[in-house]
Amino acid sequence: MADGSALQPAAAIARKNRARQPNESAEYRNAREALLIEEIELNRHIARVAAQRRALPPGGEVKGDYQFIGEASSVAGANPVGFEELFGDKDTLFVYNWMYGPKRQRPCPMCTALLSCLDGNADHLRQRIALAVVGLSAIERQIAFKVERGWKNLPLYADVNGNFSRDYHAIMDDGTDTAAENVFTRRDGTIRHFWGAELGFESADPGKDPTTEPDLMMLWNVLDWTPGGRGTDWYPKITY
């Protein structure tokens, strides 16, 4: 992104917009131009936040005893793999912990919606980074749900001893599993934590959802484009 001082004012850019919708009123066009200014500013703010994230200093070194069973090793008696093996041939790893622990009859609907979005983009993402979806249920149980949902591209792993999920905030103090998003890097043989989602209920504005990364949630993005929005209840009732 260009230096902020060199950017044109959002209002000046909005005035250059020549898009018009059939049969629109002058009132609609004026309101739409005001909205376009805000959309331009929002895009710029998203770019600034992303740049600030990329500039983070090195995170903590990953040292825990983390063990996973993946889909390829789901046969009886298979040995767990270590954390580094989740990287494959990449030096950056995105891990999503989904809420599908052994005590849950069904996975979290919001995790399901997010992973459906991720599944559709996984092949594109894996050209640059490694992905891993980690759950606390046995790998066979996770695979069964993956087949049910028709996911084709998500690499699933079971956290064998729960250490990774506990250390990286996917298990709450009362032992309940929760969602978590984390990014790790491997540089010169050292694996470090780069970034983890830290927005939650404590940081959510009153009456707002505690979403950590709305860009991942196509469901909410599309609903935000509609007059009804996300509804009065932030937790949508997703059916399977």
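Visitor: What pattern does the chain follow, read along the sequence?
Guide: This is a predicted model, in which local features need pLDDT of at least 70 and side-chain atom pairs count only at pLDDT 80 or more, while totals for chains, interfaces and linings use all residues. Residues are numbered from 1 along each chain as its sequence is written, and side-chain values use heavy atoms, with hydrogens and water left out. The chain holds six helices and seven strands, taken as DSSP runs numbered from the N terminus (helices H or I, at least four residues; strands E, at least two). Along the sequence their pattern is α-α-β-β-β-α-β-α-β-α-β-β-α.

Visitor: What percentage of the chain's residues count as buried?
Guide: Buried means under 20% relative accessible area, exposed over 50%, and partly exposed in between, with a 1.4 Å probe and protein chains only. Of the 240 residues of the chain, the buried share is 37%.

Visitor: Among contacts between residues at least 6 apart in sequence, what percentage join residues at least 24 apart?
Guide: A contact means heavy atoms within 4.5 Å. Taking the chain's contacts between residues at least 6 apart, the share that joins residues at least 24 apart is 65%.

Visitor: Why is strand 6 described as largely enclosed by the rest of the structure?
Guide: Strand 6 covers residues 180–187.

Visitor: How many bridges join strand 6 to strand 7?
Guide: Two strands pair if DSSP finds at least two bridges between them. Strand 3 (residues 92–97) runs antiparallel to strand 6 and is joined to it by six bridges, with Val 95 and Asn 182 as bridge partners. Strand 7 (residues 190–196) also runs antiparallel to strand 6, and Phe 184 stands opposite His 193 there. The number of bridges between strand 6 and strand 7 is six.

Visitor: Which residue takes a positive phi in the hairpin of strand 6 and strand 7?
Guide: The hairpin has two residues between the strands. A positive phi near 55° is taken by Asp 188.

Visitor: Where does helix 3 bend?
Guide: Helix 3 (residues 109–125) has 17 residues and reaches 23 Å from its first C-alpha to its last, close to the 24 Å expected; the expected span is 1.5 Å times one less than the number of residues. A bend at a residue is the angle between axes fitted to the seven residues ending there and the seven starting there. Buried residues of the helix include Met 110, Cys 111, Leu 114, Leu 115, Leu 118 and Asp 119. The bend of about 40° lies at Asp 119.

Visitor: How many salt bridges does the count come to?
Guide: A salt bridge is a side-chain nitrogen of Lys or Arg within 4 Å of a carboxyl oxygen of Asp or Glu. One of them joins Lys 90 and Asp 89 (3.0 Å, N to O); Lys 90 is buried at 18% relative accessibility, whereas Asp 89 is exposed at 67%. Another joins Asp 123 and Arg 126 (3.4 Å, N to O), partly exposed at 44% and 30% respectively. By this rule the count is 10.

Visitor: Which residue meets Arg 29 in a salt bridge of 2.8 Å?
Guide: Salt bridges that share partners join Arg 20, Glu 24 and Arg 29 into one network. Arg 29 lies in helix 2 (residues 26–54) and is buried at 11% relative accessibility. Leaving aside neighbours within four places in sequence, Arg 29 is in contact with Asn 17, Ala 19, Arg 20, Gln 21 and Glu 24. Its partner at 2.8 Å (N to O), partly exposed at 22% relative accessibility, is Glu 24.
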